[in-house]
Amino acid sequence: MKFLSDRALDRLRDGAEIPDLAGTPYRLLERVARGGMGVVYTAEDEKLQRRVALKILDVPGRESDLAKRLLREARVLARLEHPGIVPVHDVGTLADGRVFYAMKFVEGLRLDRYIASVNSIPDRLRLFLRICDAVGFAHAHGVLHRDLKPANVMVGPFGEVLVMDWGLAKILREGMLRSGQEVDPEATIFESLKSPVAAGGVTGISEVTEHGTVMGTPGYMSPEQARGDVQQIDARSDIFSLGALLRFLLTGKPGQISAAASPRIEKSLAAICAKATTAAAAERYPAVQELALDVSRYLDGLAVAAHRESIIEKTVRFYRRYRFFILLIAAYLVMRVLILLFMHR
Amino acid sequence: MSLSKPMLGLALGGTLGLLDGLTGFFEPSLAPVMGSVIIFSMLKGLVSGVLIGYVSQKADSMLVGVLAGIAIAALLSFLVILRAGMALFWDIMLPGMLLGLIVGFCTQKFGQDVGAAGSHH
């Protein structure tokens, strides 16, 4: 027998979840979204009188794996000061023991929703380049995102692009953390690798903890990540995700580009996606900057490294790049001949 | 296109000057001197182009660029007319002015302003 409707149960659950922000400088405004680890709320920072987003863990206790992961995410973000990465303002524990961190409140749309309003391929590619810029910055600081997908990218009202949700981020270099802190206390994540790697067993690579199942998003997750091959995960895993994200920006789907499904995607762009998402990591772009460079070269009307052009393709590209001048010179020639004919009639 | 205005003027002026010279093949009477016609037309285009580009760099205005282009090209064409004879006045002057107009427009629209680019550093 059922005494309460599902809706009523949801309301009760939401009511029970409402965090008590007493003792913090924040005043709760509204719930924004639920994630894997907890809930994101908007709140007002009463000291600075600004809106912030609070990511609050579901379960109390600073020592749980989830709490460590949330704290680690906050620390990773705090060290990645970049216009394309959402900044963290504060971290703390609520009266009920739940860990939270406060970050910039980003007003905008998720990339998968925003992209519907962007019809031009060059504009979509420019957005992609800004994502690459943020991810490349993180890689340069020894951090892998490991869950890049359209839902984890926000586009603000002024076109600012922010890479969100660094909850699965992996720290590759110990230097990323201050001395005295544990090295990447929560890295991955794979069911098949539940036994922790012995301390010092893998120099400079994160420990594996007892967390959950394979993390990442199908379609955007590299094969080595899906296999749980933690030793093989490096910057090229994020490059795979970026390739899938690029494909999504071009076709609306992360999967392979078929000529029939997307006839208007040029071969060079399809080749960039294919190179970035090759199953063998060694055949992908070695660094995000190189992927971004190829996309930039496409935007500038230059040949891309991922695709060897035929003579016809080279000619078409040359014509597109210099179309105005070619047409201008042709017009000049026509006028010149007309003048010649007119003068000697 | 990331050429400075004088460089763009040089490239475009040279190309149009060369094409101008090549149209001499439509005039059978020029056949014995086609080599000189092509070389001098191209030289005229190159000099016009670089001068127009230089003026465009100094005066950041489309109207000034186009008018200066026409004037410079007309002046150089007139020098050629003085040598070739007044009988060819419009044969030389009209294409020359057309070249000046196009180069003046293009250098203003597409040429990089070196001074402005330098100020970013």
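Author: A:Gln49 sits in the loop of chain A between strand 2 (38–45) and strand 3 (50–60), where helices are DSSP runs of H or I with at least four residues and strands are runs of E with at least two, numbered from the N terminus. This is a predicted model, in which local features need pLDDT of at least 70 and side-chain atom pairs count only at pLDDT 80 or more, while totals for chains, interfaces and linings use all residues. Residues are numbered from 1 along each chain as its sequence is written, chains are lettered from A and ligands numbered from 1 in the order in which they are written, and side-chain values use heavy atoms, with hydrogens and water left out.

Reader: What is the phi of A:Gln49, and is A:Gln49 buried or exposed?

Author: Most residues other than glycine have a negative phi. For A:Gln49 phi is positive, near 50 degrees, and the residue is exposed at a relative accessible area of 63% (buried is under 20%, exposed over 50%, partly exposed in between, with a 1.4 Å probe and protein chains only).

Reader: Where does A:Arg146 lie, and what is its phi?

Author: A:Arg146 lies in the loop between strand 7 (143–144) and strand 8 (153–155) of chain A, has a positive phi of about 70 degrees, and counts as buried at 2% relative accessibility.

Reader: At what angle do the axes of helix 7 and helix 8 of chain A cross?

Author: Axes are lines fitted to C-alpha atoms, for helices over the stretch in contact, and angles run from 0 to 180 degrees between N-to-C directions. The axes of helix 7 (residues 267–276) and helix 8 (residues 288–299) of chain A come within 10 Å and cross at roughly 175 degrees, and the two helices are therefore roughly antiparallel (over 145 degrees; under 35 is roughly parallel, 65 to 115 roughly perpendicular and the rest oblique).
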